[in-house]
Amino acid sequence: MNRLKILMVASEAEPYARTGGLGDVMGALPGALAERGHDVKVVLPRYGVIDGPAHGLSVHLDSVAVPDGDGVTHAMIERVGDHSGGPEFLFVGHSEYFGRRQLYVDPATGKDFVDNDQRFAFFSRAALETAKVLNWSPDIIHVHDWQAALVPVYLKARYADDDFFANCHTVLTIHNLGYQGLFDSDRFDDLDLPDELAYAATGALEFYDQLNYLKAGIVMADKITTVSESYAQEIQSTEEFGCGLQGVLTDRTDDLSGIVNGVDYSIWSPRTDKKIPHRYWSANLSGKRMSRVELLGKAGLPIRDRSPLIGMVTRLDTQKGIDLVIEGIARLFKMKLQMVILGTGDEGIHQQLLDLQKKYPDQLRVFLEFNDVLAHEIQAGSDMFLMPSRYEPCGLNQLYALKYGTIPIVRAVGGLADTVIDYRDTQTGTGFVFEDYTTEAMLEAIERAVDLYARRQDWSRLMKTAMKCDFSWSASAARYEALFQSLSQTNSVARP
Ligand code: ADP
């Protein structure tokens, strides 16, 4: 096996900074690749929210010169690395761009920071410059989502003649096509990129008179992956799933593949999870029953043994199908179940959920916050976990739910379709799956789950089947490795 030097560039990683699934993946995949013998470095922004001393960050490079518009801006690089062969994390410091408490959204306006285009262009270029200053020439640069999508663009446009990157190949992983990094075209001049990249119709960055960072990455990366096989197909098939980029994706179909995310079971396993009140495993579920009681207590809901408790942990965004829940809630609560929802996002959805909580005080509790411990407690204490997503690139919560014996009820879309097997197949079923994006279809699946919940023996058999599922990172990391290995054996694609 060829030991590869892999540079990963992403805007979040557990445990440093995380807003969603990307952070979970970046917390685990680098380690899984390092365990397979590769030399892995991860570049992240040094956000103000990262607790440097707690994580043991130390200054590595005082000053890295990063071309920025017409001049040069300096970044300070801090690092953390265990020296036992694990990945090294490098943090790009620039107090004006990253010394903030939020990653992407300005708390003062509730909207994206107005300089996100500059912040992440700078970050992408700083990642390349950091590798150079470290004199560490990567075989593979693996970039994630729009925030790092300009890395392959800069590489081809500005480092094409640089021998340092001569044997370097790029892979872009799309974690969610719904976020593309769209900016006004008049910001192009600040990017220090050749004009033709912004030409109407032909420019890689151009997208209906705007700049689209993700599109440019899709055009320029050597290979593209997304986080499940179904999602890789879906995004090429329709306008809705492709979010306007289906044509660009279809053009790259030979280079596009799906690799499902794994789970870091050192964080998400009820047998070892220190964030839950009582640990448990499939041969002894008493800890789950006690966790359920504690969760209901925390939620201020009455304890009703015969009413299943449904959990949701989710961004409150139309992607996640929360509109189906709101629309169907009266019929849902007729089924005598209870529900705990943890999430943040759209203010309008917050208000609707609070109104419903007032209406159903014994059945619904919403927590409108980002709370990692509570997310674990909900996984452990709930009987069922609901994900009625409109689209779902991979979804991690259903994978966590399976391990916690919390039966997922999911829509058959993207990674949900690839990872949950409907109970209609009683031999292998691990959850309840519905096809159509309608309240009726969702309620029908919930009803089937509630019916089975009353048949306690069948329910515990289902829980045990679910808990046996293994989505550990090793299989997924092996697939990334195979992709990287085959890519590293090809000549670097000619650069424009
Ligand atoms: P996405 O990345 O689309 O938000 P995923 O299911 O892939 O969805 O991953 C979501 C991750 O973020 C999970 O680890 C989940 O527990 C976590 N998460 C989402 N919302 C919250 C919240 N309000 N509090 C705590 N954790 C959350």
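In the predicted model, glutamate 377 forms a salt bridge with lysine 298, the closest N and O atoms being 2.7 Å apart, where a salt bridge denotes a side-chain nitrogen of Lys or Arg within 4 Å of a carboxyl oxygen of Asp or Glu. Because glutamate 377 lies in helix H14 (residues 372-381) and lysine 298 in helix H11 (residues 286-299), the pair ties together parts that are 79 residues apart in sequence; helices (H or I, at least four residues) are DSSP runs numbered from the N terminus. Glutamate 377 is buried, with a relative accessible area of 13%, whereas lysine 298, at 45%, counts as partly exposed, the classes being buried under 20% relative accessible area, exposed over 50% and partly exposed in between (1.4 Å probe, protein chains only).

Residues are numbered from 1 along each chain as its sequence is written, and side-chain values use heavy atoms, with hydrogens and water left out. Since the model is predicted, local features need pLDDT of at least 70 and side-chain atom pairs count only at pLDDT 80 or more, while totals for chains, interfaces and linings use all residues.

The structure holds 31 salt bridges. One of them joins the side chains of glutamate 88 and arginine 79, with an N to O distance of 2.7 Å; here glutamate 88 is buried at 11% relative accessible area, and arginine 79 is partly exposed at 26%. Another salt bridge, at 3.3 Å from N to O, is formed by the side chains of aspartate 458 and arginine 461, both of which lie in helix H18 (residues 456-468), three residues apart, or about one turn of the helix. In this pair aspartate 458 is buried, with 18% relative accessibility, and arginine 461 is exposed, with 51%. Salt bridges also link Glu14, Arg18, Asp24, Lys275 and Asp372 in a network.

The largest nonpolar core comprises 172 residues, of which Ile141, Leu191, Ile218, Met339, Phe432 and Ile446 touch the most other members; such a core is a set of buried Ala, Val, Leu, Ile, Met, Phe, Trp, Tyr and Cys residues joined through side-chain atoms within 4.5 Å. Helix H17 (residues 439-454) gives the most to this core, contributing nine residues. Domain 1 (5-262 + 474-488) and domain 2 (286-469) both give residues to the core, so the core lies between them, the domain bounds coming from an automatic or database domain assignment. In soluble globular proteins, nonpolar side chains tend to be buried together.

Note on methods:
Helix = DSSP H or I, 4+ residues; strand = E, 2+ residues; numbered from the N terminus.
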